[in-house]
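Hi,

Here is the structure I promised to pass along. Have a look at it first, and then read on for what turned up.

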Amino acid sequence: MTPNFKIIFFDVDWTLYDHKHDTFNQKSLYDINTLKRKGYKIILCSDRSYQSLKDLKTFEYISPDGCITLGGQAIIYQDKVLLDHTFTQEEANKILTLLLPLDKSITLTTALEAYMLNGVKEEVNILYSYYKESVPPLKSQYMGEDISQFTLFSDDTYDKEIRDNIPNTINFNRFDKYGVDLTPYSPTKGEAVKYLLDYLKIDKSESLSFGDNTPDISMFKETGYSVCLRNGHRSAKREATKVCSPVWKDGIDKTLKKLKLI
């Protein structure tokens, strides 16, 4: 019997995007387009920003109904921003007062786009190249937009100074040797998934999710059936309903066929 799913959530990196071979899994993309034609709602659920997903050329291959981005911080559904945790302008100005004198590149990310201040230093090209992203446009100053995330491109030289001068409510995340994210809130994918299911009036039992890493665990817990790619983190595999083949061995395609969804 085919499960009564109405909505399917997909993580991106190492779930749809195969970093081992530096490409999207083609069968997964084909399957997503098939699922959409059959009436399933398709939601990407990623730690990336919306701009980063565009840079990865995601939307050239698939047209999801919505995206949960920045690990649950923002929800875009049918081109509408449903939820976006942002800094107040006062917080944003204080952070820039702290960061700009460091003379390091800074990316300011909103729900739908991103731009840079302080020029494009060497660390920027290193990181954006690694994550397959385009360097955002450069602007001369902050114009008061609602900012979801600040990214400082620097080694850990200034970490203590930054931590000592920002409120405890601001989330500090050193994600790379040359990169630090500052966000106004530390959300989870699961919170965003629950929010969207409630908004769409879809029961948890009618949802399916695919992921591979620890941030996906909260997503797994808020969906009725969850699948972890075998290339994923062991803790994520423990929490999933099912473990499937790795992304480079068409795990999503095989699972969707076993569930008789395609």
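A word on terms before the surface numbers: accessible areas here come from the Shrake-Rupley method with a 1.4 Å probe. On that basis the protein has an accessible surface of about 12,400 Å², and carbon and sulfur atoms account for 46% of it. Keep in mind that this is a predicted model.

Now the overall build. The protein has 10 helices and 15 strands. Its radius of gyration is 19 Å, close to the 18 Å that the globule rule gives for 262 residues, so the protein is as compact as a globular protein of that length. Along the principal axes, the C-alpha atoms fill a box of roughly 60 × 40 × 30 Å. As for burial, 52% of the 262 residues count as buried.

On charges, there are 35 positive and 37 negative ones, and their mean positions lie 9 Å apart.

Then there's the inside. The largest nonpolar core has 29 residues, and Ile8, Phe10, Leu35, Leu208, Phe210 and Leu261 have the most contacts within it. Elements giving two or more residues to this core include strand 1 (7–10), strand 13 (207–211) and helix 10 (251–258). Helix 1 supplies the largest share, three residues.

Leaving aside neighbours within four places in sequence, Leu35 is in contact with Ile8, Phe10, Tyr40, Ile42, Leu256, Leu261 and Ile262. And across the protein, of the contacts between residues at least 6 apart in sequence, 57% join residues at least 24 apart.

Cheers

Terms used
Residues are numbered from 1 along each chain as its sequence is written. This is a predicted model: local features need pLDDT of at least 70, side-chain atom pairs count only at pLDDT 80 or more; totals for chains, interfaces and linings use all residues. Side-chain values use heavy atoms; hydrogens and water are left out. Helices (H or I, at least four residues) and strands (E, at least two) are DSSP runs, numbered from the N terminus. The radius of gyration is taken over C-alpha atoms; the globule rule is 2.2 Å times the number of residues to the power 0.38. Buried means under 20% relative accessible area, exposed over 50%, partly exposed in between (1.4 Å probe, protein chains only). Contact means heavy atoms within 4.5 Å. Lys and Arg count as positive and Asp and Glu as negative; His and the chain ends are not counted. The place of a charge is taken as NZ of Lys, CZ of Arg, CG of Asp or CD of Glu. A nonpolar core is a set of buried Ala, Val, Leu, Ile, Met, Phe, Trp, Tyr and Cys residues joined through side-chain atoms within 4.5 Å.
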